[in-house]
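Q: I would like a close look at a single part of this model, followed by an account of what surrounds it. Please keep it plain.

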Number of protein chains: 2
Amino acid sequence: MTEPTTKRVTIAAVARLAGVSPSAVSHVFNGRPNVSEATAIRIRAAADELNWRPNFASRKVSGQGGRSLGLVIARSRETFGRDPFFMRLLAGLTEPLSRIGWALSLTLVQADEEEQVYRQWWGEQRVDAFLLVDVRDDDPRLALVEQLGAPAALLGAPVPGPVVSVTVRDGSAFAEAVEHLTGLGHRAITRVTDAPGLAHTRARDRGFRRAARDRGVVAGLAVWHPDAEDPVADLLGRLGGATAIIVDSETIAAEIVAHAPEIGVRVPEQLSVIAWEDSWVSSIARPRLTAFDAPVEESARTAVALLERLVRGEAVEAQTVSGRRLLVRESTAPAPHTHDREDRS
Amino acid sequence: MTEPTTKRVTIAAVARLAGVSPSAVSHVFNGRPNVSEATAIRIRAAADELNWRPNFASRKVSGQGGRSLGLVIARSRETFGRDPFFMRLLAGLTEPLSRIGWALSLTLVQADEEEQVYRQWWGEQRVDAFLLVDVRDDDPRLALVEQLGAPAALLGAPVPGPVVSVTVRDGSAFAEAVEHLTGLGHRAITRVTDAPGLAHTRARDRGFRRAARDRGVVAGLAVWHPDAEDPVADLLGRLGGATAIIVDSETIAAEIVAHAPEIGVRVPEQLSVIAWEDSWVSSIARPRLTAFDAPVEESARTAVALLERLVRGEAVEAQTVSGRRLLVRESTAPAPHTHDREDRS
DNA sequence: CGGGCAAGGTATACCGCTTTACATCGCGCG
DNA sequence: CGCGCGATGTAAAGCGGTATACCTTGCCCG
């Protein structure tokens with residue numbers, strides 16, 4: 001049925017057709033001098049005619065490596081699919097990669113197979129660089145890529161060590177978020193996270209605490225427990241006196257605004273909610289989510305650029321991208337009246 | 001900074017350490033006979049010790065190809081990200097692929113670059129097979145992969161021609177959906193689609209029409225126009241007398257149930273909504289969406305199995321997977337009372 | 001006791017491309 | 001008029017494996 005109808009065309013065929021040696025063809029396709037413009041044109045024409053392109057694998061074997069990026073995501077199908085961030089990331093990576101002719105190799109793994117996969121992909125030379133996401137403090141992958149000698153960059157908060165990072169500047173965002181809420185009269189705000197172990201979660205905690213302290217706000221931290229019978233009720237029960245929450249995950253924020261009213265907590269009248277990410281999800285939630293938009297696509301672009309330079313052996317340094325913006329929609333509102341709050345301020 | 005600390009280990013090093021020839025190592029790693037169990041063990045030990053694995057590219061060059069699947073998605077970042085289907089697909093592909101040691105190469109392209117990318121990837125031997133999604137009637141890719149001689153399978157409705165398909169059995173699902181609605185008193189139902197050109201959309205149309213005819217229901221078809229100022233209002237205005245809709249896309253269904261009440265159409269009291277896909281999105285929508293769950297992961301698994309056999313040159317035939325199930329939640333309810341409807345039946 | 005054969009390995013020719021060293025040729029210049 | 005050199009190419013040696021042909025042994029058997 002799907003017999004290879006035509007024998008695969010090789011560089012030799014192109015050379016023959018153009019009346020030159022294979023080396024000449026190779027030279028042309030690698031932008032090397034040593035070939036006159038006239039013959040270069042003939043060669044390109046021949047290649048076009050035969051519809052030939054240099055074999056990816058062969059190039060790799062003969063030194064010309066560095067053309068594929070590995071992305072290993074250690075999440076369950078469930079949580080991977082629930083986070084629109086990954087879609088944005090994938091979409092964002094794809095464009096700059098194809099621009100420089102790189103392939104993207106993607107896989108999902110379970111946490112305990114993670115290092116194994118990095119080892120394998122690198123050992124096989126299946127990929128030439130790694131992009132690390134969901135980095136934890138003290139993440140074993142940092143030492144691993146270093147040991148392997150694999151070019152790598154991480155997306156998220158910088159961590160100690162040699163792995164270069166692409167970070168979204170959050171600092172002023174927290175100031176902005178907290179200010180938005182204090183402006184509405186909120187005096188106790190809690191951050192909600194679903195991934196307490198991640199490095200960027202910790203970084204956010206710090207940023208949030210500082211912003212809260214500066215403004216005399218009571219800062220709380222609550223972890224989302226997806227396995228509770230009613231995760232929203234569970235969370236709301238642990239909120240203490242907070243009248244506003246800032247939720248790391250947009251989907252969780254959406255779940256909260258959808259379900260809270262059903263268990264007697266009106267949003268935003270009794271509880272204001274800010275999502276720390278933004279996507280189309282914010283627009284199907286009711287009330288619409290006040291959210292921060294993150295420059296995911298730009299982070300992706302930056303990371304790709306970084307990795308390309310790393311692969312070429314150039315020196316690189318950590319990058320930060322900015323562009324978080326608060327999108328005020330309907331899930332935030334003036335704080336409810338409570339006696340003790342009124343006394344202060 | 002990221003200097004390759006260690007010279008890359010090759011098959012020769014392993015052979016040396018194990019005291020055999022490279023051929024022997026190769027034989028062991030390709031499950032060929034001709035090596036005694038004893039030496040095989042020594043060889044594996046040596047490979048382990050050096051942490052060696054056969055170089056992906058080299059294998060390809062020397063015949064042992066067939067280890068990467070290309071997935072080219074011709075969608076804008078926007079619509080790609082909005083469709084949880086793709087997340088499920090990616091997650092679903094990843095597991096069976098890694099099980100057989102295949103890589104997944106992913107990219108998003110604009111529609112007009114699509115064929116170009118297939119040509120390139122195949123020409124470069126970057127991938128050894130393609131999985132086609134979003135197939136249109138008369139899709140040029142069908143002829144293209146045939147011409148290239150590239151193993152390919154498509155996800156969705158079968159189309160004429162040699163490209164083998166993996167299809168979700170929809171027939172009885174329509175019966176079930178229509179019956180669910182007629183049971184609630186609905187007599188005019190409209191299908192809503194956002195992708196009128198796709199082959200599987202057409203197949204669904206047919207299935208729906210048949211199911212509707214068999215039950216004496218007025219079947220309508222409406223196309224979603226995302227660029228209208230208010231797409232939901234626009235759609236609702238074109239519904240005619242339909243009291244229930246079946247929406248191809250879950251996100252659109254979610255948008256409808258979120259926004260319809262805001263423009264005076266209560267769901268489900270005035271309009272029942274069924275989503276033709278299911279994911280976590282259904283659970284953050286209010287009312288919760290009555291939806292069909294599709295066996296995406298199983299489709300992915302089946303497609304991978306198919307492609308593997310194709311690559312090995314074995315004969316394959318189209319597969320269908322079943323497992324659609326109606327999840328009745330809150331977006332469907334008894335049809336509103338209308339005079340003419342009451343007269344009939 | 002010699003021949004034949006299976007079992008266990010090895011030598012070697014690629015695979016398709018890159019790359020470096022080397023060959024040619026035309027031409028300017030002393 | 002002959003030499004040197006820049007401009008163009010080409011030959012050939014890998015890259016890291018795979019695969020096929022071929023070579024040893026040891027041993028069974030007539």
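Which residues come nearest to DNA strand C, and how many residues are around DNA strand C?

A: This is a predicted model. There are 28 residues around DNA strand C, and those that come nearest are A:Thr10, A:Ile11, A:Ser26, A:Ser58 and B:Ser62. Both chains are therefore represented in this list, since A:Thr10 and B:Ser62 are each named in it. The elements that each supply at least two residues of the surface near DNA strand C are α2 and α4 (56–61) of chain A, together with α2 of chain B. The largest share, 5 residues, comes from α2(A). By class, the surface near DNA strand C has 17 polar residues, 9 nonpolar and 2 charged.

The surface near DNA strand D can be described in the same terms. Two or more residues are given by each of α2 (22–29) of chain A and α2 (22–29) and α4 of chain B. For DNA strand D, α2(B) gives the most, with 4 residues. The classes on this surface are 16 polar, 9 nonpolar and 2 charged residues.

The relation between the two protein chains comes next. Chain B is superposed on chain A by a rotation of 180° with 0.0 Å of shift along its axis, at an RMSD of 0.1 Å. That is the relation of a two-fold axis. The contact between the chains takes 53 residues from chain A and 53 residues from chain B. On the side of chain B that touches chain A, two or more residues come from each of α4 (56–61), α5 (77–82), α6 (84–99), β2 (103–108), α7 (114–123) and α12 (250–259) of chain B. The largest share of that side is 7 residues, from α6(B). Its residues divide into 25 nonpolar, 17 polar and 11 charged. Of the interface residues of chain B, 100% are also interface residues in chain A, so the copies meet through the same surface.

Another part of chain A is an open sheet of 6 strands, in the order β7-β6-β8-β9-β10-β12, with mixed pairing. Its edge strands, each pairing on one side only, are β7 (218–223) and β12 (325–327) of chain A. On average, neighbouring strands of the sheet are turned by 20° against each other, direction ignored. Strand β10 (residues 290–293) of chain A runs antiparallel to β12(A) and is joined to β12(A) by 3 bridges. Within this region, A:Ala291 stands opposite A:Leu327 in β12(A). Helix α9 (residues 171–183) of chain A lies across β6 (188–193), β8 (244–247), β9 (272–275), β10 and β12 of chain A, and runs at about 30° to β12(A).

In chain B, helix α9 (residues 171–183) holds B:Glu176. With 15 other C-beta atoms within 10 Å, B:Glu176 is partly exposed. B:Glu176 and B:Leu326 are 150 residues apart along the chain, yet their C-alpha atoms are separated by 7.5 Å.

Key
Residues numbered from 1 in each chain as written. Chains lettered and ligands numbered in written order. Predicted model: local features only at pLDDT ≥ 70, side-chain atom pairs only at ≥ 80, totals over all residues. Contact = placed C-beta atoms within 7 Å. Nonpolar A, V, L, I, M, F, W, Y, C, P; charged D, E, K, R; others polar. Least-squares fit on C-alpha atoms with pLDDT ≥ 70 in both. Buried ≥ 20, exposed ≤ 12 C-beta atoms within 10 Å, placed from the backbone. Pairing = 2+ DSSP bridges. Axes fitted to C-alpha atoms, helices over the stretch in contact; angles between N-to-C directions. Near = placed C-beta within 6 Å.
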